[in-house]
Amino acid sequence: MWQMAWMWSLIPTSVLYWVINLLIVAGLVGIAAGWIGKWIPFVNTYAGPAKIVGIILLVLGVYFKGGYSVEIAYRAEAERLQKLVEESEKKSEQANIDLAQAVKDREAAVNNQKVVIQERIKIVKQKIDADCRVDIEAIDILNDSAKTIKAKKK
Amino acid sequence: MKKFLALITVFLVGCAGTNVARHFPEVPSDLQKPCPELELVSTTTNKLSDVIGVVTDNYAEYHLCRIRVDAWIEWHKTQRTIFEEVK
């Protein structure tokens with residue numbers, strides 16, 4: 001059924017409006033012609049079929065009028081939602097720009113601090129190396145704790 | 001039965017949902033970098049300055065990684081709030 005709704009959405013609103021109104025008017029005219037035609041000689045042969053066609057057109061017209069109202073409400077709702085989505089996408093983009101800038105600023109601060117620490121180590125390097133020698137076992141323990149332990153697959 | 005099926009199709013027309021496209025929000029490229037492995041101390045050295053150098057570098061890496069994790073949390077909260085505003 002969505003295919004039908006989709007096809008409806010392709011037709012411009014003004015065209016739909018006129019086609020549906022024409023259906024209703026044609027239906028009413030058909031019914032009226034069928035009713036009046038009964039008393040007119042020669043035409044009365046077509047009065048029965050005209051009435052039937054009129055009823056069919058009127059029923060179709062009224063049915064489509066209902067569908068048209070739903071379609072209009074649907075389009076208005078879709079338009080409202082589309083606007084909201086566009087606004088939210090703009091907000092989302094701006095939030096990303098702000099966050100990316102904040103991350104860059106924070107990372108720059110950490111990198112600056114890293115340089116400062118490295119400079120401080122260089123200054124006291126000779127002093128700390130003269131006073132202390134690190135055992136290879138201590139380095140092994142430190143390296144083992146730095147390695148990533150992968151979880152066993154189940 | 002045929003009339004009943006026709007009636008069902010009439011109600012199905014009313015069930016068509018609104019066709020509004022929404023895109024998943026982009027993630028800043030800085031957040032997509034994985035955290036690196038920690039640096040290891042060379043086993044050929046016995047100088048404390050080398051050990052401290054590696055350890056402080058690893059601390060810095062931790063801080064950089066923490067910034068990205070915090071940013072992910074912030075990104076999720078913000079984008080969720082924006083997402084929920086569309087109703």
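## Two helical chains side by side

The axes of helix 3 of chain A and helix 2 of chain B come within 9 Å of each other and cross at roughly 170°. Axes here are lines fitted to C-alpha atoms, for helices over the stretch in contact, and angles run from 0 to 180 degrees between N-to-C directions. The two helices are therefore roughly antiparallel to each other; angles over 145 degrees count as roughly antiparallel, under 35 as roughly parallel, 65 to 115 as roughly perpendicular and the rest as oblique. By class, the contact of helix 3 of chain A with helix 2 of chain B has 16 nonpolar, 9 polar and 8 charged residues. In that count, Ala, Val, Leu, Ile, Met, Phe, Trp, Tyr, Cys and Pro are nonpolar, Asp, Glu, Lys and Arg are charged, and the others, Gly among them, are polar.

This is a predicted model: local features need pLDDT of at least 70, side-chain atom pairs count only at pLDDT 80 or more, and totals for chains, interfaces and linings use all residues. Residues are numbered from 1 along each chain as its sequence is written, while chains are lettered from A and ligands numbered from 1 in the order in which they are written.

### The two chains

Chain A has 4 helices and 0 strands, and its elements run α-α-α-α from the N terminus on. Chain B has 2 helices and 0 strands. Helices (H or I, at least four residues) and strands (E, at least two) are DSSP runs, numbered from the N terminus. Buried residues make up 9% of the 154 residues in chain A, and 9% of the 87 residues of chain B count as buried. A residue is buried if 20 or more other C-beta atoms lie within 10 Å of its own, exposed if 12 or fewer, and partly exposed in between, with C-beta atoms placed from the backbone.

In chain A, 58% of the contacts with a separation of 6 or more are between residues 24 or more positions apart. Two residues are in contact if their C-beta atoms, placed from the backbone, lie within 7 Å.

### Where the chains meet

The contact between the chains takes 42 residues from chain A and 42 residues from chain B. On the chain A side, helix 1 (2-10), helix 3 (44-131) and helix 4 (136-146) each supply at least two residues. Helix 3 of chain A gives the largest share of that side, 29 residues. The residues of the side of chain A that touches chain B divide into 24 nonpolar, 8 polar and 10 charged.

Now look at helix 2 of chain B. Its buried residues are B:Leu48, B:Ile52, B:Ile67, B:Ala71, B:Trp75 and B:Gln79. What covers these buried residues includes helix 3 of chain A.

### Helix 2 of chain A and its partner

Helix 2 of chain A and helix 3 of chain A pack at an angle of about 155°, with their axes 7 Å apart. That makes helix 2 of chain A roughly antiparallel to helix 3 of chain A. The contact between them has 22 nonpolar, 7 polar and 2 charged residues.

In helix 2 of chain A, the residues A:Ile20, A:Leu23, A:Gly27, A:Gly30 and A:Gly34 are buried. These buried residues pack against helix 3 of chain A.

A:Leu28 is in helix 2 of chain A and counts as partly exposed, with 14 C-beta neighbours inside 10 Å. A:Leu28 and A:Leu58 are 30 residues apart in sequence, yet 6.4 Å apart in space, C-alpha to C-alpha. A:Ala33 is found in helix 2 of chain A as well, and A:Ala33 is partly exposed because 18 other C-beta atoms lie within 10 Å. Leaving aside its neighbours within four places in sequence, A:Ala33 is in contact with A:Ala50 and A:Gly54. The C-alpha atoms of A:Ala33 and A:Tyr46, 13 residues apart along the chain, are separated by 9.1 Å.

### Helix spans

The expected span of a helix is 1.5 Å times one less than its number of residues. In each row below, the expected span and the distance between end C-alpha atoms agree.
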